[in-house]
Amino acid sequence: MRCLLSFLLIASSVSFAGAITIPSGSTQSQIQRFFNAATSTNNIIAFSAGTYDISTSLKLPCIPGGVTITGPAISPAYTSWGTLTYSKQTAILSSSSRSSFIFSVGGCTNPITISFLQFANAGAIYVAFPSANLTFEYNSIVNIPCHSSGCSQVKDEGMYFDGTNNGSGGTTLSNLVVEWNQIGDANSCSTPVNIMTSTSDKGGYCAGMWFQGNSNGVTIENNSFYHTEQGVKSVCFGDRCNGVEGIKPVPIWSNWTVKNNDFQQIHRMNGEFQPQGAANVVVQNNSIENPYQPQPFSFGLSFACCAGGAPYGLLPGNRVCTPSTNPTCASNTPATSPVPQVLDNVLIQNEPPPAGSYAWGFTIEWWGWGAQAIQNLLEGNSANGGVTWGAGSPPWEINYNTACGPNMSGAFSSEGYRGIPAPSATGNTFSSSCSPIMTTAPTISPASGPQSFPLTVTLTDAGNTSSTTPVPMGNVSIWYTTDGSTPAPHSGTSQLCNPTVGSTSCAISLAAAATVEAIGMWGQGANPLSYPSGYGFIPSAVASATYNSGTATRKATRAR
């Protein structure tokens with residue numbers, strides 16, 4: 001009778017539009033039956049609004065043609081920490097045991113899209129390789145647990161991508177998209193054990209995202225990482241973390257894009273990337289600020305990676321290898337220069353160093369074959385230089401970065417590996433004190449004057465367009481008003497004109513005479529509305545144009 005009732009419940013929830021609706025209050029076993037009922041024609045699984053009790057992992061369906069698992073759609077909203085994200089989902093999957101990921105999938109290369117769900121009290125998803133074509137978007141992961149004094153691997157992460165220590169030739173994660181999610185919250189990584197106040201390095205196991213194994217095609221964009229021990233971690237294995245793999249091949253990460261994410265309240269490292277086999281890795285337009293109780297092991301970003309097979313690098317045991325040493329740096333898992341490319345990011349270590357320490361860890365730890373560190377803004381209380389170079393090889397470059405802070409030695413410095421030639425460096429600036437940078441002002445077209453209505457007005461702000469100016473390029477949001485008030489990011493009657501990430505202009509329509517006032521503010525996607533006082537960017541001067549049906553009126557750009 002129970003089986004018959006479950007069948008009738010599933011049957012009644014399958015619509016003719018190819019959707020399976022999961023009613024509010026469904027049990028875990030019922031949800032699993034709904035998942036198992038998905039087919040290539042009934043391939044949309046929709047959770048109704050409500051809270052669902054989950055005690056063990058739900059196995060995701062893997063069907064030809066793919067499946068979408070979703071909750072009711074919601075609009076993005078700004079968080080209390082100033083980032084635009086999706087955090088108020090109405091379908092909530094809450095773990096009662098906190099001992100396993102809420103979703104799991106393995107060996108699936110058919111498309112899976114997961115959207116508009118909140119995952120509470122446990123990690124959202126465990127993915128075993130091989131895996132392909134997974135999209136995770138518009139979700140939130142809150143109250144991520146930490147189960148021990150160092151937290152637990154394969155238990156205490158928001159998302160876990162597991163290649164079980166495979167190297168080149170092993171299984172692969174490919175075509176992963178993670179975008180527009182909130183990962184972490186004020187309660188994450190704090191219970192049952194609070195790792196966020198640790199004064200010794202525990203390794204970053206309570207991470208928003210954890211990767212191990214081969215990967216090819218990973219996009220991480222527009223996510224808000226908040227209050228976790230670690231933001232993103234991609235690991236290697238033991239002595240094979242250096243440029244020569246030793247006994248077995250090292251993992252390879254290729255075709256990664258990490259853009260327009262925001263990291264706040266991170267205790268250890270915002271991003272840590274270790275695999276030495278690498279190609280086409282771009283980390284760009286990310287914002288990092290407001291760390292949580294930083295320690296000497298707290299870094300902005302760590303790229304102790306990407307030197308596999310390079311002429312200069314490290315052997316196991318951190319022994320420097322060069323073209324003339326025996327053994328050389330030859331590797332069966334080479335990197336492809338230039339890698340990584342670290343471009344146009346804002347990294348602010350604004351919290352004071354721990355008691356008894358004059359500073360905390362690196363702003364950017366940076367290795368790689370032909371690695372590029374270009375036009376980043378690097379500020380705060382870190383030690384050494386803004387970019388600290390280690391095991392890398394020409395043609396690596398540190399160009400047009402701005403660094404500032406009382407404990408930095410300059411815009412760049414050496415990690416201390418002797419025998420490795422320094423990267424080339426051009427156009428970098430350094431100061432022992434920091435001050436905010438004003439964003440470029442937008443332009444308004446047409447110019448002020450008499451017009452016919454309705455009128456289309458175009459606002460344009462491409463930000464810094466010079467590749468030789470030591471500030472991040474582009475990536476500017478335009479905020480405007482039409483009621484005569486002064487615009488400010490997400491304040492009063494101000495409207496965001498260019499919400500599409502990467503856009504530099506937008507058009508608004510005026511039905512009648514009005515004054516358009518606009519500002520630019522560096523940051524798009526999940527970048528914040530503002531930065532800590534004295535750091536980062538501030539809004540531009542106000543650009544203004546007045547349109548009427550009479551005599552032309554012109555107003556000059558003015559300082560805010």
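## Close-up views of a predicted model

**View 1. Strand E44 meets strand E45.** Strand E44 (residues 476–481) and E45 run antiparallel, joined by two bridges. Strands are DSSP runs of E, at least two residues long, numbered from the N terminus. Tyr480 has Gln495 of E45 as its bridge partner. This is a predicted model, where local features need pLDDT of at least 70, side-chain atom pairs count only at pLDDT 80 or more, and totals for chains, interfaces and linings use all residues. Residues are numbered from 1 along each chain as its sequence is written, and side-chain values use heavy atoms, without hydrogens and water.

**View 2. The open sheet around E44 and E45.** Five strands line up as E42-E49-E47-E44-E45, with mixed pairing. Strands count as paired if DSSP finds at least two bridges between them. E42 (449–450) and E45 (495–496) are the edge strands; each has a single partner strand, so one side of each lacks a neighbour in the sheet.

**View 3. Burial and contacts.** Of the 560 residues in the chain, 60% are buried (under 20% relative accessible area, 1.4 Å probe, protein chains only). Take the contacts between residues at least 6 apart in sequence: 75% join residues at least 24 apart. A contact means heavy atoms within 4.5 Å.

**View 4. Charged side chains.** The chain carries 18 positive and 24 negative side chains. Lys and Arg count as positive, Asp and Glu as negative; His and the chain ends are not counted. The centres of the two sets lie 5 Å apart, with each charge placed at NZ of Lys, CZ of Arg, CG of Asp or CD of Glu.

Definitions and conventions
Helices (H or I, at least four residues) and strands (E, at least two) are DSSP runs, numbered from the N terminus. Buried means under 20% relative accessible area, exposed over 50%, partly exposed in between (1.4 Å probe, protein chains only).
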